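Have a look at the fold, then read on.

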Amino acid sequence: MSSIALTPAVRGWRNDLFSGAIASVLTISFGLSYSVLIFSGPLASFLPYGIAATFIAASVAAAVIALGSSFPFAIGGPESSTAAVTAILSATLVEYIVAQSEPTAILGPVLITLSAATILTGLVLCGLGITHMGRAIRYVPYPVIGGFLGATACLIVSGGVQVSTGVKLQFANLGRLATPVALYELCAAGAVALTIYAIWHKSRKPMALPAILLAAIAIAHLVFWLSGTSILQAQAMGWTFASPPKASLTLPWTFLAEPYPWDALPGLIGNFIAVIFVTAVSTLFNTTGIEVAAHREADIERELNVTGAANILTGLLGGYASCISISRSVLNLNSGATSRLSGMTVAVIAASMLVVDSALLAYMPRFVLGGLLLYLGMEQLHRWIVDSRKRLSLLDYLSLLAIILIIIKWGFVAGVLIGIVIGCATFALSVSRVSSIKYGFDGSEYRSSLDRSLEDQRTLIAHGKEIQGLNLQSYLFFGSANRLYLHVKALLRRHPECRYLVFDFKLVTGIDSSAAHSFAQIKRVAREHGTTLVLANLHPAANRNLRASLFIDNEVQIAADLDRALEWCENEVITQHRGLAEEEANLRDWFTRILRTPEDAEELMRRCQRVEVAAGGTVVQAGDTADSMHFILDGRLGIMVPNGDGHLTRVRSLGRYTTVGEMGLVAYAPRSATIQAEVASILYVLRADAFEDIKQNHPALSQKLLTYFVSVMAERLAFASRMIAVLRR
C-alpha cells in the first residue's frame with residue numbers, strides 16, 4: 001500500500017482532492033453570503049430556495065468549467081459581481097410585483113427570471129466565443145468597466161448592511177439605521193469585516209476565512225447565552241435568520257403555470273444587460289488574472305464557450321449566473337492542484353449542500369454573512385476607487401467616479417451608455433493632446449537626395465527656410481487636425497519667408513471627414529501668406545477624403561514621397577533665386593549706367609523695394625499723394641487719364657529700364673494720372689523717406705539722381721515739343 005500511495009498518480013489525486021476541499025470552503029462561505037444578498041427583503045422567507053439556487057450554480061459551474069476550461073485547475077461559481085447584479089435584477093422584479101394593486105406570488109417569477117437571465121447570459125457568451133467577438137469587450141473604456149464594477153461593489157456593501165440589519169440602505173431609512181439595535185448589528189458586521197481584512201486579506205490562508213466565520217458564530221452564541229437570550233428571542237430581535245421552511249429542489253419551470261408579471265419585462269431589460277455584461281467582463285478579467293498568476297496563456301474563446309455552456313445548464317436547473325473565479329482558482333493552484341479532479345471535488349461538495357437541513361440557518365447570525373458581504377464590497381471599492389487612482393489619469397478617474405454615481409442613481413444601462421460616451425469623449429480629448437506632428441524641418445537642414453552643384457547648394461543653404469516641412473503621424477481627426485492648424489498658423493507667423501509647406505503623411509493611419517475642415521483652414525492661411533502646400537506619401541483613402549472636401553485642387557501639389565516633394569520645392573527655390581540673381585545683376589547694371597559708379601548703384605538698390613504687379617494691376621491712383629517713384633525693370637506701365645465719359649485713356653506707355661513718378665517725388669504734388677500695369681511687371685520703388693535719407697547722408701548720390709531726373713524730364717519735354725511741331729504742320 002505504501003508503494004501505491006507514493007506513486008505520482010496517487011499523490012496527484014491526493015493533492016487535487018485536498019485542494020478541491022479547501023476551495024470548497026470558500027465556495028460555501030461565499031455562496032451563503034450571496035444567497036442572503038439576493039434573497040433579502042420580501043424574499044427573505046424564501047432564503048432556502050436562494051441557497052438551493054446558489055449551490056446549484058456553484059456545483060454546475062464548478063463541474064462544467066473544471067471539465068472544459070483551458071486551465072485544468074480552474075474553479076467556477078457565482079462571484080460577488082455577478083451576485084450583485086443578480087440581486088438587483090431580483091429586487092427590481094420584486095419591487096414591481098409588490099407595487100401592484102393586486103400583487104402576485106413572488107417566488108415563481110423571481111426564479112423564472114433568474115433562470116432566464118442565466119440562460120440568456122450563457123447564449124450570449126457562447127455567441128461571443130463562437131464568433132470570436134469576445135475580445136471586442138476589451139475595447140470598452142477602462143473607466144467604464146471600473147465604474148461598472150465599482151457600482152456593483154457599492155451595491156454589495158448596501159446588501160451587507162441590509163443583510164445585517166434587515167433595513168435597506170437608503171436616505172429614507174437612515175432613521176431606522178440609527179436605532180441602537182441596528183447600530184449594534186452594524187458594529188458587529190463591521191467587526192467581522194475588519195477581522196477578515198486583518199487576518200485573511202493579506203495572508204489568504206485557506207482555512208483562515210472559515211475559521212473566522214465559525215469563530216464569529218461561536219462568539220455570537222456565547223453572547224446570546226451570557227445575556228440569557230434564546231434563539232427564538234435572537235430571531236425576533238433580528239440577530240439571526242428566521243426559521244425557514246424546508247425547501248425542496250424545485251425547478252423554476254414548475255412555476256410556469258402561475259401568473260407572471262409580463263408588464264415588468266421592459267423595466268428589466270437593463271438588468272438583463274447588466275447581468276450579461278458583468279458576467280462577460282468578470283470572465284475575461286478573471287481569465288486574464290489567472291493567466292498572470294499561473295504564467296500560462298488561456299484560450300479566450302474556449303473560456304467564453306465553457307462559461308456560456310455552464311450558465312445555460314445552470315439556468316435550466318434553476319441557478320443564476322456564474323463564471324470562472326480568480327481567487328478560488330489561484331488558491332486551488334497554490335494548494336497543489338494539477339488536474340480537473342480538484343474542480344470536480346468542489347462540484348460534489350457544493351452539491352452536497354443541497355441536502356443540508358435549511359433549519360440550520362436559524363442558528364446563523366445575520367451579521368456574520370453581512371460582515372462577509374461588507375468585506376467583499378469594501379475590497380472591491382478599494383480596488384476600483386482607491387487603487388485605480390494610482391493607475392488612471394485625473395480625467396479618467398473622475399470619469400470612473402461619475403459612472404459609479406450614474407449607475408447608482410439611474411441604473412446600469414444609463415451608466416454604461418453615458419460611460420461609453422464619457423469614455424469616447426475623454427479618449428478624443430486625450431488623443432487630441434497628442435501632437436499629430438512627429439517632427440518639423442526646413443530646407444536648409446533637410447534636403448532631397450538629389451546631388452546638386454555647389455552654387456545650388458549655397459542657394460539652398462541661404463534660402464532653404466523658404467521650405468518648411470512637417471512629418472505627420474497617428475490618426476487625424478477634428479481634435480488633432482485643429483491643433484495642426486494652430487501649429488501651421490504659428491509656423492507661418494514665425495517664418496514669413498516660407499513659400500512651400502510640405503506635409504509628409506507617411507505615418508498617418510487615417511483622416512476622418514471632420515479633419516478636412518481644419519485642412520481647409522490651413523489652405524486659407526497658406527494662401528494668405530503666399531505659401532504653396534505640398535503633400536507627400538498621401539494614402540489613397542486620405543487622398544479621397546481631402547479631394548471630396550475640395551482641399552486638393554490645382555493649388556496643392558501632390559508628390560509620391562517626401563524625397564520627390566523636397567526635390568520639387570528645391571527646384572522652385574533655386575529657379576526663383578537664380579532669376580532674382582539675374583534680375584539684381586540687370587538692375588545693378590542699369591543703376592551703374594545711370595549713376596556711373598557701382599558703389600552708388602548698390603546704395604540706391606539697398607533703398608529700393610521690389611514690387612511685382614500683375615497685368616491690369618494699378619500702381620498708383622490719380623489724386624493720391626506722390627510719395628514715391630518707380631524704376632521699371634521689366635514689363636510695361638500705362639499712363640491713364642480720365643476722359644469725359646468716365647473711362648480711362650492711355651496717353652503714354654513706359655517700358656523696361658524707364659522710370660515714372662520723378663516729379664512727384666521731388667515736388668510732392670498729387671498724382672495727375674493713374675498708372676496701370678499693361679503686362680506683368682517688376683518694379684523697384686524709391687519712396688520719399690528713402691530719398692530724404694539719400695539727400696541727407698549721400699549728397700553726391702542725391703545730386704546724381706536729380707541730374708538723372710532732369711535729363712529724363714528734358715528728354716520727355718523735347719519729345720513732346722517735336723510731337724507738337726508735327727501736329728502744327
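Let's start with T674, which touches T618, V620, Q621, A622, G638, I639 and M640, leaving aside residues up to four places away in sequence; contact here means heavy atoms within 4.5 Å. T674 sits in strand β14 (residues 674-677). Its relative accessibility is 3%, so T674 counts as buried (under 20% relative accessible area; over 50% is exposed, in between partly exposed, with a 1.4 Å probe and protein chains only). The side chains of T674 and Q621 are joined by a polar contact of 3.5 Å.

A word on provenance: this is a predicted model, where local features need pLDDT of at least 70 and side-chain atom pairs count only at pLDDT 80 or more, while totals for chains, interfaces and linings use all residues. Numbering runs from 1 along each chain as its sequence is written, and side-chain values use heavy atoms, with hydrogens and water left out.

Next, the open sheet: four strands in the order β8-β15-β10-β13, paired antiparallel (a pair takes at least two DSSP bridges). β8 and β13 are at the edges with a single partner strand each, so one side of each lacks a neighbour in the sheet.

| Strand | Residues |
|---|---|
| β8 | 609-613 |
| β13 | 658-660 |
| β15 | 681-687 |
| β10 | 628-634 |

β8 and β15 are joined by five bridges, and E612 stands opposite I682 in β15. Helix α25 (residues 688-697) packs on the sheet, touching β10 and β15.

Finally, helix α5 (residues 107-130) has 18 of its 24 residues buried, and after α5 comes H132 with a positive phi near 60°.

Conventions:
Helix = DSSP H or I, 4+ residues; strand = E, 2+ residues; numbered from the N terminus. Axes fitted to C-alpha atoms, helices over the stretch in contact; angles between N-to-C directions. Polar contact = N/O pair within 3.5 Å; in protein donor to acceptor, adjacent residues only side chain to side chain.
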